[in-house]
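This report concerns the packing of side chains in one protein model. The sequence and structure are shown first.

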Amino acid sequence: MPMRMPMQARGAVARDLWRLLEPIHAVVYFAPEPLEEFKAVGYRGFWMGYFAGRAAPLGHVGADIVHALFYNFAYERVSRAVPAAWDFAPPDEALTARVRGSVRALSRALGPAADSAEVARAAELATRAARSAPFEGRALFAANRSLPVPQEPLAQLWQAATLLREHRGDGHVAALTAAGIAGRESHVLHATASGIPRDVYTPARDFDEAEWTSRRDTLQQRGLIEDGRLSRRGQRLKAQIEERTDQLAATAYDALTISETDELTRLLRPLTHAVVREGDIPLDNAMGLNLRESLDQP
């Protein structure tokens with residue numbers, strides 16, 4: 001029987017599972033093994049590998065589509081990577097490289113647990129949720145959903161985590177757009193709300209002082225930031241965006257029973273803690289995720 005619980009509770013479940021699944025997916029960006037695999041197929045530099053790997057499910061796309069769907073990158077950064085990346089290696093090679101590198105990274109972080117029954121069961125539950133999630137209006141999720149399901153459990157778990165994070169991400173973009181928060185402004189809004197240092201966004205999202213100040217001024221003019229902090233209005237809007245994101249993400253888990261979502265959470269927790277403790281993913285990052293919470297939990 002599918003999960004049935006109040007909307008607020010469903011949103012909390014979706015947020016908890018995002019915190020556990022995001023680091024499993026994110027090894028593809030930060031661990032050395034995926035970077036090695038992208039380099040081996042011919043991509044030049046970190047950012048070409050990043051955009052090629054993440055955009056590959058869309059096929060031979062150009063900068064406009066990637067910039068629109070990824071939402072919060074500088075257009076100049078995107079346009080330097082695609083479509084040029086496809087001249088070095090086609091999308092199918094990027095897809096192979098990202099899975100192979102991510103599985104290598106997860107295997108290193110998990111050690112003997114990588115081949116455990118717990119990983120296989122987590123992969124089964126996460127894949128069922130991911131494959132059943134609605135994909136109308138979610139272009140990046142739909143592109144990833146069209147890919148074959150890997151047979152190897154750890155690869156299957158990584159792909160399910162990827163599907164579920166892109167499903168959530170598409171919903172988050174919709175919530176930001178509805179709230180009138182542009183992609184670049186979303187970084188300033190989140191950093192102000194969370195206390196993430198601005199200099200995290202300099203290398204991660206190509207912000208210089210002038211652009212950061214300009215985006216912050218725009219939010220101040222809207223009454224969302226006052227004296228370097230979110231105003232009450234800003235706090236309400238940020239809370240509404242996060243709540244709506246959680247609600248939209250929760251639809252992915254309707255295919256699971258309450259006991260199955262509890263089981264998935266229990267199975268993922270030690271796996272995620274091991275990945276975070278490995279140290280590949282920076283604790284301060286532009287993903288919107290507080291990894292220190294993972295380190296603090298048993």
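The model is predicted: local features require pLDDT of at least 70, and side-chain atom pairs count only at pLDDT 80 or more, whereas totals for chains, interfaces and linings use all residues. Residues are numbered from 1 along each chain as its sequence is written, and side-chain values use heavy atoms, with hydrogens and water left out.

**Nonpolar cores**

A nonpolar core is a set of buried Ala, Val, Leu, Ile, Met, Phe, Trp, Tyr and Cys residues joined through side-chain atoms within 4.5 Å. Buried denotes under 20% relative accessible area, exposed over 50%, and partly exposed the range in between, computed with a 1.4 Å probe on protein chains only. The largest core holds 77 residues, of which Tyr43, Phe51, Leu157, Tyr253, Leu264 and Leu268 touch the most other members. Helix H1 (residues 7–30) supplies the largest share of this core, 11 residues. Helices (H or I, at least four residues) and strands (E, at least two) are DSSP runs numbered from the N terminus. A second, separate core has 21 residues, among them Val188, Leu189, Val200 and Tyr201.

**Aromatic contacts**

Rings of Phe, Tyr and Trp (its six-membered ring) pair if their centres lie within 6.5 Å; planes under 30 degrees apart count as stacked, over 60 as edge-to-face and the rest as tilted. The count by this rule is 17 aromatic pairs. Two of these are tabulated.

| Pair | Geometry | Centre to centre | Angle between planes |
|---|---|---|---|
| Tryptophan 47 and phenylalanine 73 | edge-to-face | 5.9 Å | 75 degrees |
| Phenylalanine 51 and phenylalanine 70 | stacked | 5.9 Å | 15 degrees |

Phenylalanine 51 lies in helix H3 and phenylalanine 70 in helix H4, so their pair ties together parts that are 19 residues apart in sequence. Phenylalanine 51 is buried at a relative accessible area of 0%, and phenylalanine 70 is buried at 3%. In the other tabulated pair, tryptophan 47 is buried at 17% and phenylalanine 73 is buried at 2%. One aromatic cluster is formed by Tyr29, Phe30, Phe46, Trp47, Tyr50, Phe51, Phe70 and Phe73.

A charge sits over a ring if NZ of Lys or CZ of Arg is within 6 Å of the ring centre and within 35 degrees of the ring normal. Arginine 54 lies over the face of phenylalanine 70, 4.1 Å from the ring centre. Arginine 184 is placed over the face of phenylalanine 207, at 4.0 Å from the ring centre.

The expected span of a helix is 1.5 Å times one less than its number of residues. Helix H7 (residues 91–110), with 20 residues, reaches 28 Å from its first C-alpha to its last, close to the 28 Å expected. Its buried residues include Pro91, Arg98, Gly101 and Leu110. Just after H7, glycine 111 adopts a positive phi of about 65 degrees.

Among the buried residues of H14 are Lys238, Glu242 and Asp246.

**Aspartate 254**

Aspartate 254 is located in the loop between H14 and helix H15 (258–278) and is partly exposed at 23% relative accessibility. Its side chain is joined to that of arginine 10 by a polar contact of 2.6 Å. A polar contact is a pair of N or O atoms within 3.5 Å; within protein, one must be able to donate a hydrogen and the other to accept it, and residues adjacent in sequence count only if both atoms are side-chain atoms. The C-alpha atoms of aspartate 254 and alanine 130 are separated by 10 Å, although these residues are 124 residues apart along the chain.
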